[in-house]
Amino acid sequence: MLNLSTLHKLLSQVLEPPHLHTAVLLTPEGQLVSYATGPARSKDSVRVVVGLSAEVWQEAGEQGIAFIDSELGRILILPVEETAANGIVEASPESGASERSHDKPLMLVALNSTDVIEWDDLEAKTTSRNRPDPHALLKPELDLLRDRLLNLLGSAHPTLTEIAKYYFLHPSKQLRPLLVLLFSSATNGLGAHWEQKKWAAECEGARGRAEELDQPLSRPDVLNDWNPSMPDHTTSFASVFSLVPPTARVRPPARPLAPAHPPTLAAPALLLPTQLRLAQIVEMIHVASLLHDDVIDDANLRRGVASAPAVFGNKLTILAGDFLLGRASAALSRLGDSEVVELIASVITNLVEGEILQLNKVSQESGALVDARVGRESWNVYLKKTYLKTASLMAKGARAAVVLGGSRQGEVWKEVAYAYGRNLGIAFQLVDDILDYEAGEATLGKPGGADLRLGLATGPALYAWEEHPEMGQLIARKFENAGDVELARDLVRRSSGVERTRELAIAHASKARELLEHLPDSDAKTALEVLTERVVERTW
Ligand code: FPP
Ligand code: MG
């Protein structure tokens, strides 16, 4: 039998539900395969559409789509491929529908589509069903990364280990590791030093193999990095420390000269152990920043469960964040690439700068008169903070992945990675700032409306300020007076603040997508394209 929920799902990918009330699936001859309709609709209206269908097929013909105005409203017709993947199975003979297979696609007729859709937009939306899902594409790698990451977090102190692991145990979409892996996959093979990097990943002693990334560079009793999951550690403080005779350095094998090669993607797609480790490192830094952030924001909830400070207290939470940073730094140094160390270390400072900017921002504005200059300055600070707090880790993480794949200075690949990550990250945060106004705890896994309560004026409020000058006073006093938060929400609601913030997010996401044109075609590139849509629609 036709799966009606699949039909509904298909429709909702084409248009937003309020604009549609009925979907029917027809053969090219106009026979009803099945239909789905809202409870308020009678079957009569469906029959009328069936009656129309054979004629409108002709019009749908060449372009594959037609809009018809009738007494029932606007009708959208769209051909649908009958594939096992979309779950559309023919109705049984008892249902009165046709049983034969179709050489032409089935027709999906959506009734009362009040919005006109451009063909290109529609095509982009419908073809997205056949494109790789970014998370699904790398799910096995992401799952493995998360499991193995826990091995990096052991310590001599069980409570410290428990807090450090706490946020990793609750599901997140691992957007930052995903970006690292997708950019690795979309560019490996292109960089001038790729062959050397690949060789190091395969050759014992060249420090690029997965096992070597777990081995300390310094002697264990110097590092004193006690981790029960790692092979070497030391715990002995029983006596005074004597001079340990130096051991001879193991000479690494000679590195072959990189053969000149035209830039071609590695086939089959290959992820280097260093890139997989980098994906873990960026997630560790992200989680470290969340541990600190939940203390600063006095947050009780994260990812739908009690926050780390709510469970373990502020002091231990801060220390666990620092511990994660330490472990991430050691793992970073073992990647053996100083450009990558520099990039990722600078992300840590960016995160702190972003947080400080957020704390300072409002006090700088305190008492300021509302004028164009103040407004402009607020936008500059807001976007800068957005980059530092959110986009920097995505941009530099993606760039570092490409560096680890052997991209040299002067090659475009790492520039694409950085620019993409920067735009995507800003779009992501802008949408996050919208969701803080629009979504509730069930969707966010944390209370909505938190920004205003924390005194923060994000995109929607800053745009609303342009339309409602009284917002300036509220921003200046950090929404502190009784009723300020409610008034600010109302001003935002009565403004185009949310809409304009979304437009800004779309502009950044579109730019990210455009940048991908520099890369050769691959599944990873398509997944990165899909990500630019998902980040705005937030369909994960
Ligand atoms: C979440 O913001 C927080 C961040 C993206 C970064 C926070 C950075 C620090 C606390 C600086 C310290 C950094 C390190 C690496 C220790 P949010 O509060 O807007 O989002 P939320 O609603 O998810 O909490
Ligand atoms: Mg927070």
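Which elements are included in what covers the buried residues of helix 6? The cover includes strand 7 (305-306), helix 12 (308-312) and helix 13 (314-333). This briefing describes a predicted model, in which the secondary structure of the chain comes to 23 helices and seven strands. Of the chain's 540 residues, 50% count as buried. Among contacts between residues at least 6 apart in sequence, 74% join residues at least 24 apart.

- Helix 6 spans residues 158-166, and its buried residues are Leu160, Thr161, Ile163, Ala164 and Tyr166.
- Strand 7, helix 12 and helix 13 are among the elements that cover these buried residues of helix 6.
- Helix 19 spans residues 459-467; seven of its nine residues are buried, so helix 19 is largely enclosed by the rest of the structure.
- The buried residues of helix 19 are Gly459, Pro460, Ala461, Leu462, Tyr463, Ala464 and Trp465.

**Helix 5 against helix 7**

- The axes of helix 5 (residues 139-149) and helix 7 (residues 175-187) come within 11 Å and cross at roughly 125°.
- That angle makes helix 5 oblique to helix 7.
- The crossing of these two helices, helix 5 and helix 7, is right-handed.
- Helix 5 contributes Glu141, Leu142 and Leu145 to the contact, while helix 7 contributes Pro177, Leu178 and Leu181.
- By class, the residues of the contact between helix 5 and helix 7 are five nonpolar, no polar and one charged.

**Helix 7 against helix 11**

- Helix 7 also meets helix 11 (residues 273-296): their axes come within 8 Å and cross at roughly 155°.
- Angles over 145 degrees count as roughly antiparallel, and helix 7 and helix 11 are therefore roughly antiparallel to each other.
- The crossing of helix 7 and helix 11 is right-handed.
- On the side of helix 7, the contact is made by Arg176, Pro177, Val180, Leu181 and Ser184.
- On the side of helix 11, the contact is made by Gln275, Leu276, Leu278, Ala279, Val282, Glu283 and His286.
- The contact of helix 7 with helix 11 has seven nonpolar, three polar and two charged residues.

- Asp293 and Asp297 coordinate the magnesium ion (ligand 2) through OD atoms, at 2.0 to 2.1 Å.
- Which term applies to aspartate 293, buried or exposed? Aspartate 293 counts as buried, because its relative accessibility is 13% and the limit for buried is under 20%.
- Aspartate 298 is found in the loop between helix 11 and strand 6 (301-302).
- At 60% relative accessibility, aspartate 298 counts as exposed.
- The phi angle of aspartate 298 is near 55°, a positive value in a residue other than glycine.

**Other backbone features**

- A cis peptide bond joins alanine 267 and proline 268, with omega at about -5°.
- Proline 268 has its place in the loop between helix 10 (220-223) and helix 11.
- Phenylalanine 479 has a positive phi of about 55° although it is not a glycine.
- The loop that holds phenylalanine 479 lies between helix 20 (471-476) and helix 21 (484-493).
- Phenylalanine 479 is buried, with a relative accessible area of 5%.

- Serine 392 has its place in helix 15 (residues 372-404).
- With a relative accessible area of 0%, serine 392 is buried.
- Residues up to four places away in sequence aside, serine 392 touches Val347, Asn350, Tyr387 and Gly397.
- How far apart in space are serine 392 and glycine 421, C-alpha to C-alpha? The distance is 7.7 Å, while in sequence serine 392 and glycine 421 are 29 residues apart.
- Threonine 501 is found in helix 22 (residues 497-515).
- Threonine 501 is buried, with a relative accessible area of 0%.
- Not counting residues up to four places away in sequence, threonine 501 touches Leu430, Ile434, Gly459, Pro460 and Tyr463.
- Gly459, Pro460 and Tyr463, which threonine 501 touches, are among the buried residues of helix 19.

Terms used. Residues numbered from 1 in each chain as written. Chains lettered and ligands numbered in written order. Predicted model: local features only at pLDDT ≥ 70, side-chain atom pairs only at ≥ 80, totals over all residues. Heavy atoms only, no water. Donors = N, O, S within 2.8 Å, 3.2 Å for Na, K, Ca; no water. Buried < 20%, exposed > 50% of the residue type's maximum accessible area, 1.4 Å probe, protein only. Axes fitted to C-alpha atoms, helices over the stretch in contact; angles between N-to-C directions. Helix = DSSP H or I, 4+ residues; strand = E, 2+ residues; numbered from the N terminus. Parallel < 35°, antiparallel > 145°, perpendicular 65-115°, else oblique. Left-handed = near helix turned anticlockwise from the far one by under 90°. Contact = heavy atoms within 4.5 Å. Nonpolar A, V, L, I, M, F, W, Y, C, P; charged D, E, K, R; others polar.
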